[in-house]
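Let's take a friendly walk through a protein fold. Have the sequence and the 3D view ready, and look up each residue as it comes along.

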Amino acid sequence: TVQRYALGALEVLSRKKDGIQLLVDSRVCEFVVHAMEKYYQSEPVQIQGCWAVYNLLQDSNGRSRLVYLDVHSVLSLSLSSHKDSLQVKKWGKLALATLLDL
């Protein structure tokens, strides 16, 4: 539950001016990937994690950090673990498409 609230807080911060850069600088990419790996069975964590990854990929520093952290495998695990979740599919596929377009 703490991870879910923390990921929700990231959503709020990311909407602020320069919020994504602040999040990347504070090593949020590592937190998101860790939360998604550890709580891969939690649909709410995966929805917010996929959303966070998609938004962090919009920043060049976030992109390079997430590629280094092998976020592709985390997104694949998320999508395969939650095949029936429309929100995981939506944000996970957007994040993967963004990642593959790099």
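A residue is called buried when its relative accessible area is under 20%, exposed when that value is over 50%, and partly exposed in between. Keep in mind that this is a predicted model. With that cut-off, Cys29 counts as buried because its relative accessibility is 0%.

| Residue | Relative accessibility | Class |
|---|---|---|
| Cys29 | 0% | buried |
| Cys50 | 0% | buried |
| Gly92 | 0% | buried |
| Asp70 | 43% | partly exposed |

**The core**

In soluble globular proteins, nonpolar side chains tend to be buried together. Here, the largest nonpolar core has 22 residues. Those with the most contacts inside this core are Val32, Met36, Val53, Leu56, Leu66, Val71 and Leu75. Which elements give two or more residues to the core? They are helix H3 (28–38), H4, H6 and helix H7 (86–100).

Setting aside neighbours within four places in sequence, Leu66 is in contact with Cys29, Val33, Val53, Leu56, Leu57 and Val71. Cysteines have turned up in our tour, but the structure holds zero disulfides.

**Two helices that cross**

Two packed helices are described by the angle between their axes and the distance between the axes. Helix H4 covers residues 43–56 and helix H6 covers residues 71–81. Their axes come within 11 Å and cross at roughly 145 degrees, and the crossing is left-handed. Which residues of H4 meet H6? Gln46, Cys50 and Val53 do, and on the H6 side they meet Val71, Leu75 and Ser78.

**A glycine in H7**

Gly92 is found in helix H7. Is Gly92 buried or exposed? Gly92 counts as buried, because its relative accessibility is 0%. Not counting residues up to four places away in sequence, Gly92 touches Cys50, Leu75 and Leu79. Gly92 and His72 are 20 residues apart in sequence, and their C-alpha atoms are 9.8 Å apart in space.

**A loop residue to look at**

Finally, find Asp70 in the loop between helix H5 (60–68) and H6. Although Asp70 is not a glycine, it has a positive phi of about 60 degrees. Asp70 counts as partly exposed because its relative accessibility is 43%.

Note on methods. Residues are numbered from 1 along each chain as its sequence is written. This is a predicted model: local features need pLDDT of at least 70, side-chain atom pairs count only at pLDDT 80 or more; totals for chains, interfaces and linings use all residues. Side-chain values use heavy atoms; hydrogens and water are left out. Axes are lines fitted to C-alpha atoms, for helices over the stretch in contact, and angles run from 0 to 180 degrees between N-to-C directions. Helices (H or I, at least four residues) and strands (E, at least two) are DSSP runs, numbered from the N terminus. A crossing is left-handed if the near helix is turned anticlockwise from the far one by less than a right angle, and right-handed if clockwise. Contact means heavy atoms within 4.5 Å. A nonpolar core is a set of buried Ala, Val, Leu, Ile, Met, Phe, Trp, Tyr and Cys residues joined through side-chain atoms within 4.5 Å. Buried means under 20% relative accessible area, exposed over 50%, partly exposed in between (1.4 Å probe, protein chains only). A disulfide is a pair of cysteine sulfur atoms within 2.5 Å.
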